[in-house]
Amino acid sequence: MNRIIRKVAVLGSGVMGSRIACHFAGVGLQVLLLDMAAKELNAAEKAKNLTTDHPAVKNRIVNEALAATLKANPSPLYSKEAIQRIKTGNFTDNMKDIAGCDWVIEVVVERLDIKQQIFTEVEKYRRPGSLITSNTSGIPIHLMSEGRSEDFKRHFCGTHFFNPPRYLRLLEIIPTPDTDPAVTEFLMHYGDLHLGKTTVLCKDTPAFIANRIGVYGIMAIFHAMGKLGLDIDEVDALTGPVIGRPKSATFRTADVVGIDTLVKVAKGVADNCPNDEQRAIFAIPAWLDKVVANNWLGDKTGQGFFKKTRGAGGEKEILTLNLQSLEYGPRKRPKFASLEAARQIEDLGSRIKMLVQGPDKAGEFYRHFHYGLFSYISHRIPEISDELYRVDDAMMAGFGWEIGAFESWDILGVESTVKKMKDSGFTVASWVEQMLASGIKTFYTLEKGKRLYFDLRTGSYKPLPGGEAFLVMKNFEGQSLWKNSACHLYHLGDEVLGLEWHTKMNTIGGEVLEGLQRSIGLAEEKYKGLVIANEGAHFSAGANVGMIFMLAIEQEYDEMDMAIRQFQLTMMRARYSAVPVVVAPHGLALGGACELSLHADRIVAAAETYTGLVEMGIGVIPGGGGTKEFTLRAADEMHEDEPETITLKHRFLNIATAKVSTSAYEAYANGIYRKGRDIVCMNLGRRIAEAKRSVLEISEDGYVMPVPRTDIKVLGRSALGALYAGIHVMWRGNYATDHDVVVAKKLAYVMCGGDLSEPALVSEQYLLDLEREAFLSLCGEKKTLERIQSVLKTGKPIRN
């Protein structure tokens with residue numbers, strides 16, 4: 001059957017329910033969000049003489065919950081318009097409406113009896129053949145379907161989203177023995193392709209995969225702290241980004257998730273996994289019991305392992321809990337020799353190797369931490385999953401690990417680490433030793449650009465599922481064509497090249513510009529096109545402002561002029577190449593990275609892409625073709641039935657306010673991405689493969705190199721006066737500083753084509769020259785240099 005999802009019912013509007021509803025609406029689905037009908041009037045309803053039968057009263061719970069969710073920052077929606085796709089209601093009046101839904105997902109309180117009551121009502125109204133799933137994080141899935149009809153059981157499954165659903169990519173799929181395999185397969189594919197999730201097939205075991213492994217890791221650290229004499233600040237310094245984990249590390253993560261939630265999962269594993277060889281690790285330490293008894297549950301109660309307060313001078317201060325005295329004290333900056341040395345190492349794998357070998361207390365912690373983790377994951381296969389890669393997928397997508405546990409084991413060397421583990425008293429599962437004895441020394445390997453994993457059932461390597469749909473640049477190391485110290489160019493197959501670069505925040509400097517020029521040139525010689533992408537945390541934070549600052553301070557304006565010309569030429573090279581150039585951004589794609597996207601033949605953006613021309617934040621205008629391109633697009637968007645200045649004003653304000661699109665969908669509304677041409681890829685992992693497919697599609701459709709534009713209408717003084725007037729109003733209203741006015745007037749001058757007495761048609765090069773001249777003049781401003789210096793120190797643009 002060709003199953004199509006058009007409408008989804010979400011039952012339960014709490015934090016998870018409302019956010020899941022927003023995510024479904026964000027990807028374009030109609031959503032019915034239901035919760036209990038309010039049974040009593042509040043004060044406001046009494047004042048209006050409403051009754052409990054009034055729809056506003058009955059739907060108060062669901063409407064207030066959704067309203068609270070919509071206030072969340074960051075937003076649970078990809079665009080503001082998506083909220084129009086959510087309809088609210090209550091279980092009493094609207095449960096019957098689920099008959100029109102293709103998928104019903106239950107997200108009520110974690111009590112089996114209440115879930116079963118909900119499912120009894122669902123069975124009365126759901127359409128036979130429609131999907132019914134539960135978002136439970138721990139209740140056995142098979143218990144929830146007991147007593148239900150055959151059709152219900154065949155279409156029932158666990159679908160465990162992680163909070164917040166828009167941003168955490170994990171979706172655990174947990175079938176029961178009665179679930180139709182076709183339903184499981186559909187949910188795995190749909191979650192991946194349409195919801196943008198890393199879908200992980202789990203067995204119906206306590207806490208499934210991610211929470212089982214993740215909570216083990218946290219509890220193991222809790223128990224190890226006393227033995228190693230470590231405190232909270234030291235543990236969080238050791239378990240954050242330095243080993244490829246989120247900034248929230250261990251204790252901050254617990255505060256965010258909720259310490260009571262952590263304790264509940266740990267107790268659930270201890271109670272329901274009598275054969276877990278590490279069951280004792282899940283025992284709750286006495287100090288943790290006291291923390292929960294004090295209602296110090298983390299962010300939800302205002303304090304947990306950390307507490308926000310204000311110092312004597314009113315400044316914000318974060319205090320850390322002392323686990324011995326249970327009193328809060330000032331945070332401290334821990335110092336470990338091996339940790340300080342490791343921070344200088346860019347490559348994560350090399351960094352982890354060095355840390356585990358450290359001779360100090362940090363090294364001792366890392367050995368204890370990794371050996372315990374490796375032992376635990378080896379014993380969980382095949383208990384929680386038959387395939388080891390699913391454990392790594394779950395931890396990376398659900399807990400934000402940069403690399404999975406089995407991958408970390410590969411980095412440290414499986415065989416040598418097993419020996420060290422045994423010497424330290426840690427055990428490994430027999431299948432690991434059998435794998436090594438068979439001559440297979442790693443859990444993963446590469447073969448012709450494809451990643452393979454060790455399969456226990458066959459005792460051999462098998463390709464990771466997804467095949468050509470998930471391309472990873474580094475997997476093509478064996479097909480490298482060119483590189484410099486920043487860039488690497490690969491042949492991705494099918495006569496398509498792929499370029500990536502690795503600099504701090506993937507900023508664009510001279511070597512990246514060289515890489516772009518060289519890659520386009522090589523692609524034009526004998527290939528069909530070029531994909532520009534990477535797998536870093538961000539596509540690119542923009543141009544290298546450090547280089548600009550250095551040249552400006554030294555007043556090397558000729559060199560700066562050459563640098564800006566080179567940037568502009570490279571962007572135009574991407575636009576006017578003989579083969580298609582497709583850019584696949586994700587994460588940050590700011591400033592110069594946005595300009596590169598604007599000049600590509602197509603953009604294939606991850607849904608979570610944050611892009612915009614943000615140069616105003618450092619006191620300059622976009623100088624790499626961004627100002628020119630927005631002026632060109634404003635001219636193309638002019639209509640006879642509206643004032644010519646309207647589209648120009650919108651584009652001007654976009655740059656002048658350094659507006660950032662907070663999703664790829666918002667980038668359409670802001671005029672950066674073009675509907676019908678650029679593509680949003682929900683699943684981050686599919687982005688590069690989709691970009692490659694786009695190159696082939698454009699090439700095979702008969703790509704012809706565009707001709708540089710000479711017909712761009714600029715409005716001269718007629719628009720310049722209006723923009724200047726608007727800038728003055730912003731300044732008088734204290735919305736703009738004196739320096740903002742200087743920069744905004746330069747921007748207006750360029751976008752109007754200069755001080756022309758009447759509208760005229762100009763070329764792209766004319767606008768690029770104006771843009772470059774304005775950029776260079778602003779770099780000589782003292783306030784601009786101060787802003788650039790601030791950005792270099794803090795990493796954040798400022799507005800005075």
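**Cores, sheet and helix packing in a predicted model**

Trp 431 touches Ser 378, Ile 381, Leu 388, Phe 406, Phe 443, Phe 454 and Leu 456, leaving out residues up to four places away in sequence; contact here means heavy atoms within 4.5 Å. The model is a predicted one, in which local features need pLDDT of at least 70 and side-chain atom pairs count only at pLDDT 80 or more, while totals for chains, interfaces and linings use all residues. Residues are numbered from 1 along each chain as its sequence is written, and side-chain values use heavy atoms, with hydrogens and water left out.

Trp 431 also belongs to the largest nonpolar core, which has 113 residues. A nonpolar core is a set of buried Ala, Val, Leu, Ile, Met, Phe, Trp, Tyr and Cys residues joined through side-chain atoms within 4.5 Å, and buried means under 20% relative accessible area, exposed over 50% and partly exposed in between (1.4 Å probe, protein chains only). Phe 251, Phe 305, Tyr 366, Phe 406, Trp 409, Trp 431 and Phe 443 are the residues with the most contacts inside this core. Helix H10 supplies the largest share of the core, 11 residues. A second, separate core has 89 residues, among them Ile 86, Leu 187, Ile 727 and Cys 779.

Next come the helices. Helices (H or I, at least four residues) and strands (E, at least two) are DSSP runs, numbered from the N terminus. Helix H10 (residues 210–228) and helix H18 (residues 388–399) have axes that come within 9 Å and cross at roughly 75°. The pair therefore counts as roughly perpendicular. For such values, axes are lines fitted to C-alpha atoms, for helices over the stretch in contact, and angles run from 0 to 180 degrees between N-to-C directions; angles under 35 degrees count as roughly parallel, over 145 as roughly antiparallel, 65 to 115 as roughly perpendicular and the rest as oblique. On the H10 side the contact involves Ala 210, Asn 211, Ile 213 and Gly 214, which meet Val 391, Ala 394, Met 395 and Phe 399 in H18. Six of the residues in the contact of H10 with H18 are nonpolar, two are polar and none is charged. In this grouping Ala, Val, Leu, Ile, Met, Phe, Trp, Tyr, Cys and Pro count as nonpolar, Asp, Glu, Lys and Arg as charged, and the others, Gly among them, as polar.

Helix H16 (residues 348–356) packs against helix H17 (residues 361–380) at an angle of about 110°, with the axes 7 Å apart. H16 and H17 are therefore also roughly perpendicular to each other. Here Ile 352, Leu 355 and Val 356 in H16 meet Gly 363, Tyr 366, Arg 367 and His 370 in H17, and the contact divides into four nonpolar residues, two polar and one charged.

What order do the strands of the open sheet follow? The eight strands are arranged as S3-S2-S1-S4-S5-S6-S7-S8, with mixed pairing. Strand S3 (86–90) and strand S8 (198–201) are the edge strands, each pairing on one side only; two strands pair if DSSP finds at least two bridges between them. On average, neighbouring strands of this sheet are turned by 25° against each other, direction ignored. Within the sheet, strand S1 (residues 7–11) and strand S2 (residues 30–35) pair in the parallel sense over five bridges, and Leu 11 stands opposite Leu 34 in S2. Helix H1 (residues 15–26) packs on the sheet, where H1 touches S1, S2, S3, strand S4 (103–106) and strand S6 (156–161). The direction of H1 makes about 170° with that of S2.

Two antiparallel pairs form hairpins. Strand S9 (residues 306–310) is joined by five bridges to strand S10 (residues 316–322), and Arg 310 stands opposite Lys 316 in S10. Five residues lie between S9 and S10, and Gly 314 in the turn has a positive phi of about 90°. Strand S12 (residues 444–447) and strand S13 (residues 450–455) pair over four bridges in the antiparallel sense; their hairpin has two residues between the strands, and Lys 448 takes a positive phi near 55°.

The peptide bond from Asn 163 to Pro 164 is cis, with omega near 0°, and Pro 164 is found in the loop between S6 and strand S7 (170–175). Ala 207, in the loop between S8 and H10, has a positive phi near 70° and is buried, with a relative accessible area of 6%.
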